[in-house]
Amino acid sequence: MVQQDRNIMALVYVLAHARSLRRKQRGIYPLVIQELEQTLLSRKKTDRVGLPGLEKGREGVIAAGAIIIRAVMETLGMSSVLVSDLGLREGVLIDLAMQL
């Protein structure tokens, strides 16, 4: 699955900072997202402000984004999600190309 969403991109950037990964690395994996979810839920919204990689204003929705992406991955039995910072059309083309 290829996903493009600002909340998902925020998760990728937070994960990249937390794990010293390159920002170009766009994969999200269930165990990693679950760990991040627990970290985010253990902090108050005010404690999430300034979290490396998290853009200002997303501290209130980032935990919900982690829960949603984990739930979708579990429901669909997905082992990973490729996140794209391109638009919907580009995402559809990438997904089609990956199926070839």
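L51 is placed in the loop between α3 (45-48) and α4; helices (H or I, at least four residues) and strands (E, at least two) are DSSP runs, numbered from the N terminus. The model is predicted: local features need pLDDT of at least 70, side-chain atom pairs count only at pLDDT 80 or more, and totals for chains, interfaces and linings use all residues. Residues are numbered from 1 along each chain as its sequence is written, and side-chain values use heavy atoms, with hydrogens and water left out.

With a relative accessible area of 13%, L51 is buried; buried means under 20% relative accessible area, exposed over 50%, and partly exposed in between (1.4 Å probe, protein chains only). Apart from neighbours within four places in sequence, L51 is in contact with V14, L40 and R43, where contact means heavy atoms within 4.5 Å. V14 lies 37 residues from L51 along the chain, and the C-alpha atoms of the two are separated by 7.4 Å.

The overall plan can now be set out. The protein has five helices and three strands, and from the N terminus on its elements run β-α-β-α-α-α-β-α. Of its 100 residues, 36% count as buried. Among contacts between residues at least 6 apart in sequence, 62% join residues at least 24 apart.

Helix α1 (residues 6-18) contains A10. A10 is buried, its relative accessible area being 4%. Once neighbours within four places in sequence are set aside, the contacts of A10 are G53, L54, R58 and I62. A10 and V61 are 51 residues apart along the chain, and their C-alpha atoms are separated by 10.0 Å.

The next topic is helix α2. The residues V32, I33, L36, E37 and L40 are buried in α2. They cover an arc of only 140 degrees around the axis, which puts them on the same side of α2; the arc is that of the directions from the helix axis to the C-beta atoms.

Helix α4 can be read in the same manner. Its 15 residues (residues 62-76) should span 21 Å at 1.5 Å a residue, and its end C-alpha atoms are 21 Å apart, in agreement. The buried residues of α4 are I62, A63, G65, A66, I69, R70 and M73. Because these residues cover an arc of only 160 degrees around the axis, they lie on the same side of α4. The face turned away from that buried side carries the exposed residues I68, T75 and L76. Just after α4, G77 takes a positive phi of about 65 degrees.

How do the two helices meet? The axes of α2 and α4 come within 9 Å and cross at roughly 150 degrees; axes are lines fitted to C-alpha atoms, for helices over the stretch in contact, and angles run from 0 to 180 degrees between N-to-C directions. That makes α2 roughly antiparallel to α4, since angles under 35 degrees count as roughly parallel, over 145 as roughly antiparallel, 65 to 115 as roughly perpendicular and the rest as oblique. The crossing of α2 and α4 is left-handed, the term for a near helix turned anticlockwise from the far one by less than a right angle, with right-handed used if clockwise. At the meeting of the pair, P30, I33, Q34, E37, L40 and L41 in α2 face contacts from I62, A63, A66, I67, I69, R70 and M73 in α4.

E37 is in helix α2 and is buried, with a relative accessible area of 5%. E37 touches A66, I67 and R70, not counting residues up to four places away in sequence. L41, also in helix α2, counts as partly exposed at 43% relative accessibility. Neighbours within four places aside, L41 is in contact with R48, A63 and I67. L41 and I67 are 26 residues apart along the chain, with their C-alpha atoms separated by 9.7 Å.

The last stop is strand β3 (residues 81-83), where L82 is found. L82 is partly exposed, with a relative accessible area of 33%. L82 and I94 are 12 residues apart in sequence and 10.0 Å apart in space, C-alpha to C-alpha.

Terms used. Expected span 1.5 Å × (residues − 1).
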